[in-house]
Amino acid sequence: MTDSTITPRSGGRIAGRATTEGTARYRQRFAGKLATDHLALGADLWLSSLGIGTYLGDPVPEHDSGYRDSVIATVRSGCNVIDSAINYRFQRSERNIGEALRALTAGGVGREEIVVATKGGFIPFDGEYPRDPAGWMGEAIFSAGIASRDEVVANCHIITPRYLESQIEWSRANLGLDTIDIYYLHNPETQLQEVERPEFLMRARAAFEMLEGKVAAGVIGIYGMATWDGLRVPPNNPGHLSLKELLTVAEQVSGPDHHFRAIQLPVNLVMGEACLEPTQMTDGRLVSLLDAARAAGMVVMASGSLLQGRIIQALGPAFAARLPGTRTNAQRGLQVVRSVPGLATALVGMKQPSHVEENLFVASLPRMPGAEAVKILEECRRSR
C-alpha cells in the first residue's frame with residue numbers, strides 16, 4: 001500500500017476524515033483482487049460490503065491485541081468500514097481501533113480511505129467493570145457535570161447534548177482521531193421506556209442540533225441512529241421509531257441539507273424485518289425500513305449479521321448448494337446479508353485475524369442477486 005502518503009497528525013490525533021476521493025482510491029487499490037461490486041457508493045463514500053464490528057469479547061489483553069490485529073488485517077484485506085461504540089468492552093474496543101489506525105496510517109494507508117463509526121448514549125465504564133458502578137458514575141459523570149442523575153433513563157442511557165458532547169470527545173481520544181466519520185445515537189429507543197414520544201422527539205431534536213454543530217466544526221462527518229428494535233418493530237409497538245418523524249426533526253434543525261444520513265440495525269437470517277416488514281411510513285403508505293431509507297438517500301449498515309455466530313450452526317447442505325463459491329456457513333450467512341438490496345455494509349465481529357481471513361473471503365465473490373437474498377430471508381422467516 002505505497003500509493004498513499006502517511007497522514008499527518010494534529011494534536012496527537014490523526015487528522016482528516018474519510019472522503020469520496022480517498023475511499024475511491026482505496027477501491028481502486030483492490031481492483032482485480034476483489035469483486036467489482038464489493039465497494040459501493042453510499043453517503044458520498046465508497047463503502048465495503050463487509051465491515052468489522054468490535055462488540056464481543058472480554059476486557060482482557062488477549063482480546064485487545066486480537067481486535068487491534070484484526071482491524072489491521074481487515075483494512076489490508078479490502079474492507080474499509082470499522083464500527084464500534086464507546087461502551088463496547090468498557091472503551092477498550094475504541095482504544096484498540098486507535099492502535100490499529102496508528103499502525104495503518106504509519107504504514108501508508110491514508111486516513112481518508114477508512115470509514116470509522118462509533119456510537120454514544122449508553123454509560124460506559126473505563127477499562128473494566130468497576131467494583132462500585134454507582135460510585136464510578138457519581139464521580140465520572142455526575143460530579144464532573146457531564147450529566148445529572150435525572151437525565152439517566154433505564155439506569156444506563158443519556159442523550160442530552162452535554163452528555164453526548166463529552167462522549168464524542170472521549171471517543172475521539174480513544175480512537176486517536178480528529179474526525180469521526182459516522183456518529184450514531186446508540187439504541188435511542190431506550191429513551192421510550194421512560195418518556196413519552198413528544199418528549200423523545202424533543203430530546204432527539206436537541207441532540208441533532210448539537211450534532212449538526214459538530215459536523216460544521218469538522219468533529220464528525222455525518223450522524224445517524226444505531227438501533228436494535230426501534231426501526232424494525234411495527235408502528236403500534238411502544239418502542240417504534242418513525243424514520244419519517246426523525247427526518248422531519250432533522251429538516252427542522254438544519255433544512256434539507258441536514259447530515260442525519262446513516263442507520264444501523266440488525267439484519268441476519270432470523271432478523272429480516274428491515275426488508276420484509278412494512279414498519280415505516282413513506283408517501284402515505286407503509287414500506288420496509290430499507291425502502292424508506294433508500295427513498296431518503298440514507299446509508300444503512302447491518303449489525304448482528306451472524307447474530308454472534310448462533311445462526312450458522314443450523315445451516316445444512318441444501319443451503320450451501322444455493323451459495324456457490326462459499327466455503328463455510330459463516331461465509332454463506334454474510335453473503336446473504338451483504339446482498340440484501342439497500343444495505344451498504346454487513347458488519348461482523350472479528351476479534352481474531354483468522355476470523356478476518358475466513359469472513360473476508362466473501363469480498364472476492366460478487367454479491368448474489370438481491371431478489372434471491374430476500375427470498376432466502378423470507379424462507380428463513382417461514383421456517384421459524
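1. Basis. Residues are numbered from 1 along each chain as its sequence is written, and side-chain values use heavy atoms, with hydrogens and water left out. As the model is predicted, local features need pLDDT of at least 70 and side-chain atom pairs count only at pLDDT 80 or more, whereas totals for chains, interfaces and linings use all residues.

2. Helices α6 and α7. Helix α6 (residues 197-216) and helix α7 (residues 243-254) have axes that come within 9 Å and cross at roughly 45°. (Helices are DSSP runs of H or I of at least four residues, and strands are runs of E of at least two, numbered from the N terminus; axes are lines fitted to C-alpha atoms, for helices over the stretch in contact, and angles run from 0 to 180 degrees between N-to-C directions.) That angle makes α6 oblique to α7; angles under 35 degrees count as roughly parallel, over 145 as roughly antiparallel, 65 to 115 as roughly perpendicular and the rest as oblique. On the α6 side the contact (heavy atoms within 4.5 Å) includes F200, L201, A204 and F208, and on the α7 side L246, V249, A250 and V253 are among the residues. By class, the contact of α6 with α7 has eight nonpolar, two polar and five charged residues. (Ala, Val, Leu, Ile, Met, Phe, Trp, Tyr, Cys and Pro count as nonpolar, Asp, Glu, Lys and Arg as charged, and the others, Gly among them, as polar.)

3. Helices α5 and α6. The axes of α5 and α6 lie 9 Å apart, at an angle of about 40°. P161, L164, E165 and I168 of α5 meet A206, A207, M210, L211 and K214 of α6. This contact of α5 with α6 comprises seven nonpolar and two charged residues, with no polar residue.

4. Helices α3 and α5. Helix α3 (residues 92-106) packs on helix α5 (residues 161-175) at about 45°, the axes being 7 Å apart, and α3 is therefore oblique to α5. From α3, E94, R95, I97, G98 and L101 contact W170, S171, N174 and L175 of α5. Four nonpolar, three polar and two charged residues make up the contact of α3 with α5.

5. The second largest pocket. Of the 15 residues that line this pocket, L41, M298, V299, G342 and A344 lie nearest its centre. β3 gives the most to the lining, with three residues. The lining has ten nonpolar, three polar and two charged residues. (On a 1 Å grid over the protein atoms alone, a pocket is an open set of points where a 1.4 Å probe fits, with protein on both sides within 12 Å along at least five of seven lines; lining residues have an atom within 4 Å of a point.)
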